[in-house]
Every structure is written in C-alpha cells, then in structure tokens.
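Here are my notes on the model you sent over.

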Amino acid sequence: MQAIRIHEYGGPEVLRLEKLPTPEPGPGQALVEIAATGVNFVEIYQRMGWYKLPALPAIMGGEAAGTVLKVGPGVTEVAPGDRVAWLGGSTGSYATHTLVAAAQLAPVPDALSLQQAAAVMVQGLTAHVLTHRTYPIQPGAWALIHAAAGGVGRLLVQMAKMRGAHVIGTVSTEEKAAIARALGADETIIYTQQDFLAEVKRITGGRGVDVVYDSVGKDTFDRSLDSLAPLGYLVNYGQSSGFPP
C-alpha cells in the first residue's frame, strides 16, 4: 500500500509518500480499499502539532470512503464488496488501504458516489450537531453563519433553513454569495467589502442574531460576540484565521 505519513510536526514539507505493508484485519476490523479521502482543516492543526497525534510517525487523515476487501474474525456488520464510509478510528485515510473498526463503518447508499460520501462525514456531522444539539435552532431564530459557502457552511445554511431560521451568511466574494443564496441564505454579507457587524445590526433592526456559527476564530470573534442578541449563542468550531484571544 501507499500512504502519506509524517515523522515530525511542521509545514506541508513534512508530508511523505511512502510504501508500507498492507495490513491484515484483526478481530472486529475491516480492510478497506480507499476510493476517496476527506481533507479537513483539522489535519492542518494535526500536521502542525497544534492538535497532537497519538504517536509519530503517523498516517494522516480520518475520513474516507471505499470498498471492503477483507474482514477480521467476528465481523458481521460488513462483508467484502460493501461500499462504506467512516470518520475516525482508522490507521489513517491518506492511503490506498486502511483498517477500520467494522462497527464504525457506514453503508454508502447507491445514489451517492464514494467521493461524495468521503466529503460529507466530518462536515455533515459537524453541521448536524451544531444546528440540532449545540444550539438547537427553533423556527424564527436568526442565525449568522460565517464562511457560508465553505464545506460546513453550505450544510449549515441548508440545515438552519430546514429548521426555520432566518439565515445571514458571510462570504468573501460575490460568487460565494451567490452560492450561499442558492442554498437558502436570506441575506449575504461580503465581509471583504462590508463590516459584517454593522450589516447584521442593519438587517436585524438593531436586535442582533440568536446564534453565530463561527469557524474563522481570531478575526471574527469579538464582532461575532457583538452581533448577538441578548442571551444569544456564539458557537466557535474552528480557527481558520488563528485562535481567538
């Protein structure tokens, strides 16, 4: 098999393409041939050492989809030939093959490609938890979604609208604004041209929003707080611009 491993923390230069023995599944495991792997911002944090990995060297990646090749003793959840997707619990998904606990594998419906399945596990579960559990959106709530045309952002916009929210999305370009509107955003703010705090106050008549979903971090944190209505929630789930002070 081939895999992308790191032997030390650092920039992209620490990523190495290596040939390794293809593993054999043990009890409760499945060997999966990977068709597509998700690439997520968390892996930048891991590569840089901001989020420590259990041990080095390590194969990067924790989200993928593929086809089961072999199963270990006691596995009843999947069989060779099954199309599956997963999040976490593997020996690394930046690879041609990996071992996954069979109980963590999700079947991929025929209507989805393996590439689509690999792209939705982290982002889909994140968006669902944020809108259904972290701040369970109720009909009529106002939600501000930063990076509304990004991977999680696109799903957040759709789920927030499904739950009856008024959605304001921030984006960097008009092209991204069009994407967010097509997915259901009621209002879009191009933050490279407009002060999103002033626009939120204008759109909501000075009230502010009930929830801000913020994956940007440092550059938006203070103004996100100021965008909230009384008893509003600021949900920070990422730091693409750096960690908040």
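This is a predicted model: local features need pLDDT of at least 70, side-chain atom pairs count only at pLDDT 80 or more; totals for chains, interfaces and linings use all residues.

1. Now the overall picture. The protein chain has 6 helices and 13 strands, and its C-alpha atoms fill a box of roughly 60 × 40 × 30 Å along the principal axes. Of its 245 residues, 45% count as buried. If you take the contacts with a separation of 6 or more, 61% of them are between residues 24 or more positions apart.

2. On to the cores. The largest nonpolar core has 24 residues, and those with the most contacts inside it are Ile137, Ile145, Leu156, Val167, Val171 and Tyr213. Helices H2 (114-134), H3 (151-162) and H4 (174-182) each supply at least two residues of this core, and so do strands S9 (142-145), S10 (166-171) and S12 (209-214). H3 gives the largest share, 5 residues. Apart from this core lies another one, of 12 residues, with Ala64, Val68, Val75 and Val100 among them.

3. Ile137 deserves a click. Leaving aside neighbours within four places in sequence, Ile137 is in contact with Thr131, Ala160, Arg163, Ala165 and Tyr213. Tyr213 is itself among the residues with the most contacts inside the largest core.

4. Val100, from the 12-residue core, lies in strand S7 (residues 97-101). Why does Val100 count as buried? Because its relative accessibility is 0%, and buried means under 20%.

5. Thr188 is a polar residue to check. Thr188 is found in strand S11 (residues 187-190) and has 18% relative accessibility, so it counts as buried. Its side chain is joined to that of Arg181 by a polar contact of 2.9 Å. Not counting residues up to four places away in sequence, Thr188 touches Gly169, Ala177, Ala180 and Arg181.

6. Helix H1 is next. The buried residues of H1 are Glu43, Tyr45, Gln46 and Arg47, and they pack against strand S1 (2-6). Just after H1, Gly49 takes a positive phi of about 90°.

7. About 790 Å³ of space lies in the largest pocket. It is lined by 31 residues, and Phe41, Val152, Ser215, Tyr237 and Ser240 are the closest to its centre. The elements that give two or more residues to this lining are helix H1 (41-48), H2, H3 and S10. By class, the lining divides into 14 nonpolar, 14 polar and 3 charged residues.

8. The second largest pocket has a volume of about 310 Å³. Of the 20 residues that line it, Gln46, Leu53, Ile59, Gly61 and Gly62 lie nearest its centre; Gln46 is also one of the buried residues of H1. H1 and strand S4 (58-59) each supply at least two lining residues, with the largest share, 3 residues, coming from H1. This lining has 10 nonpolar, 9 polar and 1 charged residues.

9. Finally, two backbone spots I'd ask you to inspect. Ala147 has a positive phi of about 55° although it is not a glycine. Its place is in the loop between S9 and H3, and at 33% relative accessibility Ala147 counts as partly exposed. Leu231 also has a positive phi, near 65°, and is a residue other than glycine. Is Leu231 buried or exposed? Leu231 is exposed, with a relative accessible area of 81%, and lies in strand S13 (residues 228-236).

Notes: Residues are numbered from 1 along each chain as its sequence is written. Side-chain values use heavy atoms; hydrogens and water are left out. A nonpolar core is a set of buried Ala, Val, Leu, Ile, Met, Phe, Trp, Tyr and Cys residues joined through side-chain atoms within 4.5 Å. Buried means under 20% relative accessible area, exposed over 50%, partly exposed in between (1.4 Å probe, protein chains only). Helices (H or I, at least four residues) and strands (E, at least two) are DSSP runs, numbered from the N terminus. Contact means heavy atoms within 4.5 Å. A polar contact is a pair of N or O atoms within 3.5 Å; within protein, one must be able to donate a hydrogen and the other to accept it, and residues adjacent in sequence count only if both atoms are side-chain atoms. On a 1 Å grid over the protein atoms alone, a cavity is a set of points where a 1.4 Å probe fits but cannot get out, and a pocket is an open set with protein on both sides within 12 Å along at least five of seven lines; lining residues have an atom within 4 Å of a point. Grid points are joined across faces, edges and corners, and a volume is the space filled by probe spheres set on the points. Ala, Val, Leu, Ile, Met, Phe, Trp, Tyr, Cys and Pro count as nonpolar, Asp, Glu, Lys and Arg as charged, and the others, Gly among them, as polar.
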